[in-house]
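User: Could you walk me through reading helices, strands and salt bridges in a model like this one? I would like the general idea and then the case at hand.

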Amino acid sequence: AHATLRSAAWGIAGLTALALALVLGILVFRQQTRQVRAIIASAPLGMIVTNVSGAIRQANPTATALLGYSEQELIGQPVERLLPDSLRERHVRLREAYQHAPRTGAMAAGMSLAGRRRDGSLIPLEIALAPVRIGGRPHVLAMLWDISERLATEATLRERTEALVRSNTDLEQFAYVASHDLRAPLRGIEQLAQWLAEDLSP
């Protein structure tokens with residue numbers, strides 16, 4: 001169930017992200033930079049654009065609201081600023097590797113991702129990346145969305161499943177004990193019936 005929920009959630013938001021990336025790719029190909037920036041600014045998903053060095057060049061309102069920053073605070077800052085301390089060094093290596101083989105798709109599949117808000121709190125995220133050219137130069141578009149509700153739903157389902165398993169185990173144990181406890185009186189009744197039969201036989 002956990003894997004199914006995860007796939008379903010990625011399917012909904014992920015397809016939105018990939019569709020937006022496709023549209024942006026077409027606009028970039030046509031060198032329509034103004035339209036690219038407009039779509040990023042109005043997208044329902046959080047979107048952050050960085051240059052090849054990882055410096056933030058644009059962050060849309062959805063992303064800034066999610067992370068608690070204004071766009072002005074983020075422009076020029078390394079994207080690692082938005083990550084937990086424990087992930088920053090690793091992310092630099094991943095970002096550099098991505099530049100050698102950029103592609104559109106999920107970031108770090110199978111890895112737990114989190115963003116760091118302005119107040120220092122962490123928020124679980126799903127992130128998709130897409131290479132784009134803006135102003136004739138290569139950039140990376142990160143599309144991100146909050147998965148807090150999905151994780152809470154998964155945790156609730158896990159708890160209910162575990163409780164059901166425990167309940168079934170308890171029921172099986174009860175049935176075993178009850179069956180064992182009933183055998184003795186049944187044997188006694190059977191023996192008594194045999195004695196009665198013998199006494200009453202002519």
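Analyst: Happy to; we will take a helix, then the strands, then the charged pairs. Keep in mind that this is a predicted model.

User: Let's begin with the helix. Where is the kink in helix α5 centred?

Analyst: Helix α5 spans residues 85-100, and its kink of about 30 degrees is centred on H91.

User: Then β5 deserves a look. How do its partner strands run?

Analyst: Strand β3 (residues 105-106) is antiparallel to β5 and joined to it by 2 bridges, with G105 opposite L129. Strand β4 (residues 113-116) also runs antiparallel to β5, through 4 bridges, and there G115 faces I123. β6 pairs with β5 in the antiparallel sense over 10 bridges; R133 stands opposite P138 in that pairing.

User: What should I look for in the turns of the hairpins?

Analyst: Check the phi angles. The hairpin of β4 and β5 has 5 residues between its strands, and G120 in the turn has a positive phi of about 95 degrees. In the hairpin of β5 and β6, with 2 residues between the strands, G135 has a positive phi near 65 degrees.

User: Now the charges. How many salt bridges does the structure hold?

Analyst: Side chains of opposite charge can pair when their charged atoms come close. This structure holds 5 salt bridges. One of them joins R118 and E73 at 2.8 Å, N to O. That pair links distant parts of the chain, 45 residues apart: R118 is in the loop between β4 and β5, and E73 is in helix α4 (residues 71-74).

User: Are R118 and E126 buried or exposed?

Analyst: R118 counts as exposed because its relative accessibility is 51%, and the cut-off for exposed is over 50%. E126 is buried, at 9%. E126 forms a salt bridge with R150 (3.0 Å, N to O). R150 lies in helix α6 (residues 148-200) and E126 in strand β5, so the pair ties together parts 24 residues apart in sequence. R150 is buried as well, with a relative accessible area of 10%.

Definitions and conventions
Residues numbered from 1 in each chain as written. Predicted model: local features only at pLDDT ≥ 70, side-chain atom pairs only at ≥ 80, totals over all residues. Heavy atoms only, no water. Bend = angle between axes of the 7 residues up to and from the residue. Pairing = 2+ DSSP bridges. Salt bridge = Lys/Arg side-chain N within 4 Å of Asp/Glu carboxyl O. Buried < 20%, exposed > 50% of the residue type's maximum accessible area, 1.4 Å probe, protein only.
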